[in-house]
Amino acid sequence: MREVRGNRRDLLSISSLEKDEIINLLNSARSFAEVSTRSVKKVPALRGKTIVNLFMEPSTRTRMSFELAAKRLSADVVNFSSSTSSLSKGESLKDTAKTIVAMGVDAVVVRHGSAGAPQMMTAWVDCPVINAGDGMHEHPTQALLDLFTIRELLGRLEGLKVAIVGDIDHSRVARSNIHALRKVGAEVLLVAPQSLIPQDIRRMGVEVTGALDEALGWCDVLYLLRIQLERVNESRFPSLREYTLLYGLTEARWFELDPKPLVMHPGPMNRGVEIDSRVADEVESVITGQVAAGVALRMAVLYDLLGGSRG
Amino acid sequence: MVFEARAQLLDADDIARIIRRVSHEILERNKGWDDLALVGVRTRGVFLARRLARTIEEIEGGSVYVGELDVSLYRDDVAIRRASKVGVTQIDFDVNDKKVVIVDDVLFTGRTTRAAMDALMDFGRPAVVQLAVLIDRGHREVPIRADYVGKNLPTSGNEKVKVSLTEIDGTDMVEVGEELER
Amino acid sequence: MTYWGAAVAEGILIKGGRALAFPGGLTGEVDIMVDDGRIKAVEKGIAAGVATVIDASSCVVAPGLVEMHAHLREPGMEYKEDIASGSRAAARGGYSAVFCMPNTEPTIDNSSVAEYVYDRGVNEGLCMVLPHGAITLGRGGETLAPMGEMAACRAGVMGFSDDGAPVSDSEMMRRAMEYACTIGTLIISHSEEMSLSGGGQMNEGYYSTFLGLRGIPPEAEQIGIYRDICLAEKTGAWLHLAHVSTSGSVELVRGAKRRGVRVTCEVAPHHFSLDDSMLVSYDTNLKMNPPLRSRGDVEALLTGLADGTIDVIATDHAPHASHEKETEFDRAQFGVVGLETCLALVLTKVVDPGVLSLEDAIARLTEAPARIMDMGRWGYGTALTEGDDANLVVFNPEYEWTVDPGEFMSRSRNTPYAGWNVRGKVLHTVFKGRLVVTDGELV
């Protein structure tokens, strides 16, 4: 949610972004992608700014991506993660936020296991807050980088048919992508057993099916979500083996497909579960491309929120 | 803010003559086109660089490297103005040991040129860096001087110089005037 | 049995208000004379001649409100609320009696704790503080609490509830109901199927999906209510369902009443004033259990009030300290304060739109809970006749005001109504003949 609050702006969710804001960020990310191809991969745009990565949930990829993005813009980065901080000693989120503000930082990137935590932080800090994933709510920069990747590879977004397969219920990536894809005019089909589909999700403008094969012949983009073993214990499906049987991108399914859709995954992939290992090898370049796009996109976001004055 | 023109300073013919003259000057100073690269500063500097390159190639044959620089990320005033849209920087050649001419439309405070030099240096170590501008309107705030000047134009600080080029504005001309609050 | 406050020497004359009595309904402008703790006269044109004269013109004078469901937190969680602050909040909200839930530390599951709470209320002397007792020891769901002992002690406990949690074991609930039949007490059920709702943070539906918060499906409440109605039907127990919040629940109660099951139910003001779409703010003051439901459920609750399926409006006043609310949504405590905003919300959200007449709405806050809780035992009546104990609330139904939690008497400020413009304000509260609140402030 990029809301203007006085002079301050945040990126909290995709759901509250306008279509043209999304497109502007994607366009801007293109310019930043070029910076990462130089021998000197650094521009002075955010020199003297300090960005805090407040990661209260384990994450290597997203944290690294934000850190690289900030550093390539010459910002100083402080990493603050729950395992090394006072959060594990029971300090409240509010007190942590107030402490960070007292140190005088220019932006806070928040990853938190609780939905809504970044939005709450906006009440306690006076600098932009960027949501790096909150509970099952949203992961806006992931959706933006996915859109960027799709547009680079397929040349368009509007009218594209995107199937998202897997644990929709627990996925903030799915929620952000649904909002983002719908806003730019793509069609979205969710593929999962009903036990992994959250209540009333059709109201977000998507279709739902339980049959993967129905989606495979239809989609231009096949977005696979990471499936987690603990869902078996929650009786969301009987076993990983059965999940793979019904919803995995197996070799048999993949080699039958013609033409083949663009396969995407937020990573890390569970080879042998949602995707066969050999299929994963074939489509790996797209997925590593998503990672590279992540840095450029996050540079665009940081520059958009921090570059330029507060007035 | 709207621009209100008070006078037209250059017309299309004037600009064409300047391009031809500056092309000759660049060739003369650098003793030919060998290792010569023209890097335009977005947006209008890019079109001027392309015109100079084309003219140089017409005069001497051969080919000149052309690049595009977006200096938004190198500006020293990001803290005091709204973030501008970032354009693409495209330098598809090795700048090491090249004779690079930075091309811009108007030289004013010199800060954009400073940013352009910083950006350029991130791509390598040119043998020499020179500066070509269509208009030099004075009021420098940093010690920068153009090597090639289309026209010197003394202005007051609150005057504005507006450069129009066919490629983007549909016509070639330079006007002076004022920016008025609406 | 009653000994709140000392006898009051000075009389009070409440002039020019419209009296609202049950039975009797709303009268024209009338004067009410209170003396020596009792209503002395209700007639036109009583001459002044007492120390305190209250101008009640354009006000309604009704029996003091009766709260069937509040959490006053004492003993054990006095940092959230205690009986002193809770009594002040209640008096300011127009209440003459507050029944408090037994989920304290220690639990109100024996006569000692029940009498402690009762005595603390007597000491404060601002309203009756009457404890409900736990159904099971420590609300642990395993051993029946001594209902007979609690009923017989001076706190006269009549309602029993493990509120805050259901009695999950159906056999335990059955035996509790059977035993309650013998003692002649009421079972107040927090009905919830925990295996469906566990871990939930808000109503399950589009908004829980949108916000990525775990849902509490309406069915968790409905399954619990259906079970409890079945058991009440079988055992003949007298069942009161706390905080009914879904359209399905209203329908279940409606059906049970039609079949003649001995069941009553209540609704909380937040459940008819707010809905789950408001949670897009992630405001933890909107987090309570049962959760805010959908717009359709709100409509069904209003219909349930209109057709009499819902007997009582009870606030489920649940104070929490700021640090328990100013935290991540899924770590925040469930509950909102309600005593000081209830009457205004009823007038604004129920009376103004014409769901209930003023008389019928006030009856859900006075006559109905008094009937269920047999308030005659405590000298509380709603007829406003001469000789009755003088428990009165004087409110202006047209007065518009803005809710400011900073003015609350409650120790906690966890209200979702901060900044709301509401209509209808308690101006004066008379408890046992003493003026305890005047011009909206404690005396």
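## Chain A: overall build

Chain A has 311 residues, and a compact globule of that length would have a radius of gyration near 19 Å; chain A has 19 Å, so the two agree. (The radius of gyration is taken over C-alpha atoms, and the globule rule is 2.2 Å times the number of residues to the power 0.38.) This is a predicted model, in which local features need pLDDT of at least 70 and side-chain atom pairs count only at pLDDT 80 or more, while totals for chains, interfaces and linings use all residues. Residues are numbered from 1 along each chain as its sequence is written, with chains lettered from A and ligands numbered from 1 in the order in which they are written.

Along its principal axes, the C-alpha trace of chain A spans about 55 × 45 × 35 Å. Eleven helices and eleven strands make up its secondary structure; helices (H or I, at least four residues) and strands (E, at least two) are DSSP runs numbered from the N terminus.

## Chain A: inside the fold

Of the 311 residues in chain A, 50% are buried, meaning that 20 or more other C-beta atoms, placed from the backbone, lie within 10 Å of the residue's own. Now take the contacts in chain A with a separation of 6 or more: 73% of them link residues 24 or more positions apart. A contact here is a pair of residues whose C-beta atoms, placed from the backbone, lie within 7 Å.

## Chain B: a three-stranded sheet

Over in chain B, three strands line up as β1-β8-β7 in an open, antiparallel sheet. Strands count as paired if DSSP finds at least two bridges between them. At the edges sit β1 (2-10) and β7 (159-164) of chain B, each pairing on one side only. On average, neighbouring strands of this sheet are turned by 35° against each other, direction ignored; the axes behind that angle are lines fitted to C-alpha atoms.

β7(B) pairs with β8 (residues 173-180) of chain B over six bridges, in the antiparallel sense. B:Val161 stands opposite B:Val176 in β8(B).

## Chain C: two domains

Chain C splits into domain 1 (12-61 + 386-442) and domain 2 (64-378), with bounds from an automatic or database domain assignment. Their C-alpha centres lie 26 Å apart. Where they touch, domain 1 of chain C gives 30 residues and domain 2 of chain C gives 44.

On the domain 1 side, β2 (25-35), β16 (392-402), β17 (421-431) and β18 (434-438) of chain C each supply at least two residues. The largest share, seven residues, comes from β17(C).

Note on methods. Contact = placed C-beta atoms within 7 Å. Axes fitted to C-alpha atoms, helices over the stretch in contact; angles between N-to-C directions. Buried ≥ 20, exposed ≤ 12 C-beta atoms within 10 Å, placed from the backbone.
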